[in-house]
Amino acid sequence: MVRLCRAEACQSVGGEALAAHARDRLGVGFHETTRDGGVTLEPVFCLGLCACAPALAIDGKVHGRVDAERFDRLLADAAKSTEIPKVALSGGCFANRRLLNRVCELVEGHGQQVLYHRYVPCGDGGISLGQAFVAAWEL
């Protein structure tokens with residue numbers, strides 16, 4: 001999540017230009033999420049970093065004196081640090097083969113390995129089997 005400060009101190013030193021760049025770079029407006037689900041852009045009234053404006057927070061970490069170039073670097077660094085090599089798909093919705101195949105396609109397109117049900121039902125049947133296994137283990 002990218003949270004851009006919209007308070008007056010940030011606005012007075014380039015906050016609006018930063019917001020425009022962020023919207024353009026991400027291809028979304030405030031309160032929207034990128035198509036791949038990777039980034040949500042949110043406005044925030046103040047991050048408390050007025051002396052180092054304009055400010056933003058990426059995944060909860062606050063950064064000051066951010067311009068367009070630094071925004072791009074911070075975003076790239078955040079993407080690198082949150083790489084997830086494997087994605088597990090589970091739940092009854094993945095009994096729908098069309099949905100499962102499309103999600104696998106999208107996830108694998110991002111270079112991630114997909115883990116999904118093959119020998120155990122994906123919904124309540126799999127949960128029941130897991131509960132039975134844990135109960136047997138505890139006895």
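How many bridges join strand 1 to strand 3, and do the two run parallel or antiparallel? Strand 1 and strand 3 are joined by 4 bridges and run parallel.

## Basis of the description

This is a predicted model, in which local features need pLDDT of at least 70 and side-chain atom pairs count only at pLDDT 80 or more, while totals for chains, interfaces and linings use all residues. Residues are numbered from 1 along each chain as its sequence is written, and side-chain values use heavy atoms, with hydrogens and water left out.

## The sheet

An open sheet is formed by 5 strands in the order 2-3-1-4-5, with mixed pairing. Helices (H or I, at least four residues) and strands (E, at least two) are DSSP runs, numbered from the N terminus; two strands pair if DSSP finds at least two bridges between them. The edges are strand 2 (32–33) and strand 5 (61–63), each of which pairs on one side only.

Contact means heavy atoms within 4.5 Å.

Strand 3 pairs with strand 2 in the antiparallel sense over 2 bridges. The hairpin of these two strands has 6 residues between them, and G37 there takes a positive phi near 80°.

T40, in strand 3, is the bridge partner of T33. The side chains of T40 and T33 also make a polar contact at 2.7 Å; such a contact is a pair of N or O atoms within 3.5 Å, where within protein one must be able to donate a hydrogen and the other to accept it, and residues adjacent in sequence count only if both atoms are side-chain atoms. With a relative accessible area of 17%, T40 is buried. Leaving aside neighbours within four places in sequence, T40 is in contact with M1, V2, E32 and T33.

## Nonpolar cores

The largest nonpolar core has 17 residues, and those with the most contacts inside it are V2, L4, L26, L41, L56 and F71. A nonpolar core is a set of buried Ala, Val, Leu, Ile, Met, Phe, Trp, Tyr and Cys residues joined through side-chain atoms within 4.5 Å. Two or more residues come from each of strand 1 (2–5), helix 2 (15–26), strand 4 (56–58) and helix 3 (68–81). A second, separate core of 8 residues includes C5, C10, L47 and A55.

Beyond its neighbours within four places in sequence, F71 is in contact with V2, L18, H21, A22, R25, L26, L56 and V66.

## Backbone features in the loops

A cis peptide bond, with omega about -5°, joins A53 and P54. P54 lies in the loop between strand 3 (40–44) and strand 4.

Two residues other than glycine have positive phi: D59, near 50°, and R65, about 50°. D59 is in the loop between strand 4 and strand 5 and is exposed at 52% relative accessible area. R65 occupies the loop between strand 5 and helix 3, and its relative accessibility of 57% counts as exposed.

Definitions and conventions:
Buried < 20%, exposed > 50% of the residue type's maximum accessible area, 1.4 Å probe, protein only.
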